[in-house]
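User: I would like to go through this model by question and answer. Please begin with how its elements are assigned.

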Amino acid sequence: MKSSGRAEVVLVSGPAGVGKSSIVHELRKRHFPHAGIFASGKFDQYSRNIPYATIAQAFRVLVRQILGSGDADLARWRQALVEALGPNGQLMVTLVPELALVIGEQPPAPDLPPQEAKARFHLIFRRFLSVFALPKRPLVLFIDDVQWLDAATIELLAWITVDPDVGHLLLICAYRDDEVSGDHPFIATREAMRDAAIHVEEQHLSPLALDDLKHLLADAFQLEKELVAPLAKVVLEKTEGNPFFALQFLTTMEEEKLVAFDAVQRTWTWDPDRIRTKGITDNVAELVSSKLLRLPRVTLETVKLLACLGSGASSSTMCIVTGRSRQQVASILWEAVQARFLLHVEGGYAFAHDRIQEAVYLLIPEQERPAIHLRIGRALIAKMKPSDLQGRVFEVIDQIGRGLGLITSDAEREQVAELFLHAGARAKTSAAYPSALRYFTTGLSLLDRGHRERRYDLMFALELQKAECEFLTGAHEVAETNLVDLFARAASRVDGAAVVRLLSSLYVTLGDQTKAVDVGLAFLRNMGVDWSAHPTEDDLRSEIEDMRGLLAGRGIDQLVDLPRMTDPDWLAAMDVLAYMILPALLTDSNLEDRIYVQMANLSMRYGNCDASCYAYVSLMIPLGLRFGDFESGSRFGSLGIELVDNHGLDRFKTRTYTCYAAFVVPWARHLPISETFSRAAIEAGLQAGDLVFIVTTAQLLVSHMLVAGKDLATVQKEAESFLASAQKTGFGLAADSAIGQLLLIRSLRGWEPVRLANRCCLTRTPSSNICRAPGHN
């Protein structure tokens, strides 16, 4: 990995208790102490629905290490993280709340259309990884018990391993192969890893053979292999060579004096026949359970609470759920630690093995589990600080969710619904859409129709977010039905605008531009703006005359001093108009131009806002290209740039720069200036994660470089970069355009495309050679 710089993957498989985790941690001690950064996270089978829980766990440990470093090191880490994350730091703070202690509180990430948010999250996570994964200090990321991973983490693991831009990363995944069947989601991820252009090493661990057990016992008892052979045969019969079971079995034999140390002979002794007839179970769960039942009652009950919390918990959490002090908890759990059921890890307790947690949890009668989980959840809500509750909301609702049926109080149902709303919003921010949908759906299930009046704000938020996640998970018809119904019930124009923006994105995704326009026009009618979907040129001229009247003799450059738009209804209307631009462009050019002019007019009436800049730089289309007033179009374009650069209205920065480069520069300035703004747009898009518009800008940049007469080799590099970006974002139309540009550039350079299986292969083939079809010499 150090030499290649590429990501590499190691898959460690085998049955439970075979030693997968142990071998990885042993390798860590031997090979990774100074060679790189090691981070590990472990999935919990009883909390498998929490999105990115294990990824967050791994990086939480790293962040705590950073916080424990000296001031100089902490400052270096802070600078590296701030530079990498840019304005999207909140996306990673949502994933790892402790990160805020390093980089400070972060503003919300810039808004993007729903379908683009996932690509941005992956981009920002890749940058986050790059801070830790460096050429001289690779990152080793160990993910344990992958068989229980959640859908969002599956997708993220697949993405970071196949993305060629992810480097200096060694990903180790351990999983129980007997629990990963043909339809398990990890199967597809494993195949994607195998098919990717990375090194994948797979290690399958099998149970111990008879000879292995002889070595183990000979080493443990300090005897020759031949002397322990009879005992090894008994252990193999009882445990089938499972290392965890074998150790538990040996411990039980020692406790029951079936294996004993003879102080006189100074050697270990045993009777294989007596061991066979003793009746020690050959079921590992029963064996562990029988040992657990020997613990004092209060200890066992406390260990059961720990099992309900997961594979481990902090001492502070144990204090909350037990209602005891740290000293009391430590005293109660001491015997479980001595019996090696628990490990006293830094700041808390963890089960020594998954099978122990499983055995403990199974000791709780199934009918009693919901009440215990609900009691734990209530304790966490009651005793946690609000900031801690926000950071650990997934854990809290995981507990509450298992006892939902026991909640009868209307006030508590509302409180819990709010927690599910918060959890869903966090999951959606991290592009974990299936998890978010589940949280929003559960939150809504706690409310009834009466809440539409009593708690309209809560119910509307849950319904809107749920519909968005339905859209993002492919349930388009369901999302459309719910959004249309929600629009009819919106209690304010701001709420109506939120629904319309989402509906517009849905229709654009489905290719129904007419519906996207119609829903926007329906909203505008509520604002007193009654437009046709196909306005005439006279309608457009009338709008422009209104604009000239609103200028009232002022110079266009003076509009920079307009006050900020503050009316929430008109701010919502500006956002709806911005969302209408794309479908209008594809359905009616008069409507597109009218939108630009209307947005400018609203800005002159009610003040400037972020969307104003987007409109100002686009006015060159109706004013200049349609009616020949290039001077005014140019001045409005400069106004838009001025507001973005010097007045903080930069929400649409990428689009404003791109439209200035596309619409204003070619008609008002020297064409090479377009390259400056296009590159600035791409940089702004990278910062904001606006990947789709980056691709649009890259296409424009290549076209303008060609027209400006730039060196064709340089232009070709840009075009190849454009194609790679388009393919990475899944923007098929842009990818086709990039191929067309590349074919043109190759033709201009005197090269010919090679056709393979009726597809163009863009490899270098000088035109002096004959273009050969497959199968021809």
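Analyst: Helices are DSSP runs of H or I with at least four residues, strands are runs of E with at least two, and both are numbered from the N terminus. The model discussed here is predicted.

User: In which helix is Val-63 found?

Analyst: Helices are numbered from the N terminus. On that numbering, the run covering residues 53–67 holds Val-63, and this run is helix 2.

User: Is Val-63 buried or exposed?

Analyst: The cut-off for a buried residue is a relative accessible area under 20%. The relative accessibility of Val-63 is 0%, so Val-63 counts as buried.

User: How far apart in space are Val-63 and Leu-99, C-alpha to C-alpha?

Analyst: Beyond its neighbours within four places in sequence, Val-63 is in contact with Val-96, Glu-98, Leu-99 and Val-102. Leu-99 lies 36 residues from Val-63 in sequence, and the C-alpha to C-alpha distance between them is 6.3 Å.

User: Which strands are the edge strands of the five-strand open sheet?

Analyst: The sheet has the order 2-3-4-1-5, with parallel pairing. An edge strand pairs on one side only, which applies to strand 2 (37–42) and strand 5 (199–204).

User: Which residue of strand 4 is the bridge partner of Glu-8?

Analyst: Strand 1 (residues 8–13) runs parallel to strand 4 (residues 169–175), and six bridges join them. For Glu-8, the bridge partner in strand 4 is Leu-170.

User: How do the residues of the contact of helix 30 with helix 31 divide into nonpolar, polar and charged?

Analyst: Helix 30 passes helix 31 in a left-handed crossing. Helix 30 contributes Tyr-596, Met-599, Ala-600 and Ser-603, while helix 31 contributes Ala-611, Ser-612, Ala-615, Tyr-616 and Ser-618. These residues divide into six nonpolar, three polar and no charged.

User: What is the relative accessible area of Ser-632, and is this residue buried or exposed?

Analyst: Ser-632 has its place in helix 33 (residues 630–646). Leaving aside neighbours within four places in sequence, Ser-632 is in contact with Ile-556 and Leu-623. The cut-off for buried is under 20%. Ser-632 is therefore buried, with a relative accessible area of 15%.

Methods. Residues are numbered from 1 along each chain as its sequence is written. This is a predicted model: local features need pLDDT of at least 70, side-chain atom pairs count only at pLDDT 80 or more; totals for chains, interfaces and linings use all residues. Side-chain values use heavy atoms; hydrogens and water are left out. A crossing is left-handed if the near helix is turned anticlockwise from the far one by less than a right angle, and right-handed if clockwise. Contact means heavy atoms within 4.5 Å. Ala, Val, Leu, Ile, Met, Phe, Trp, Tyr, Cys and Pro count as nonpolar, Asp, Glu, Lys and Arg as charged, and the others, Gly among them, as polar. Two strands pair if DSSP finds at least two bridges between them. Buried means under 20% relative accessible area, exposed over 50%, partly exposed in between (1.4 Å probe, protein chains only).
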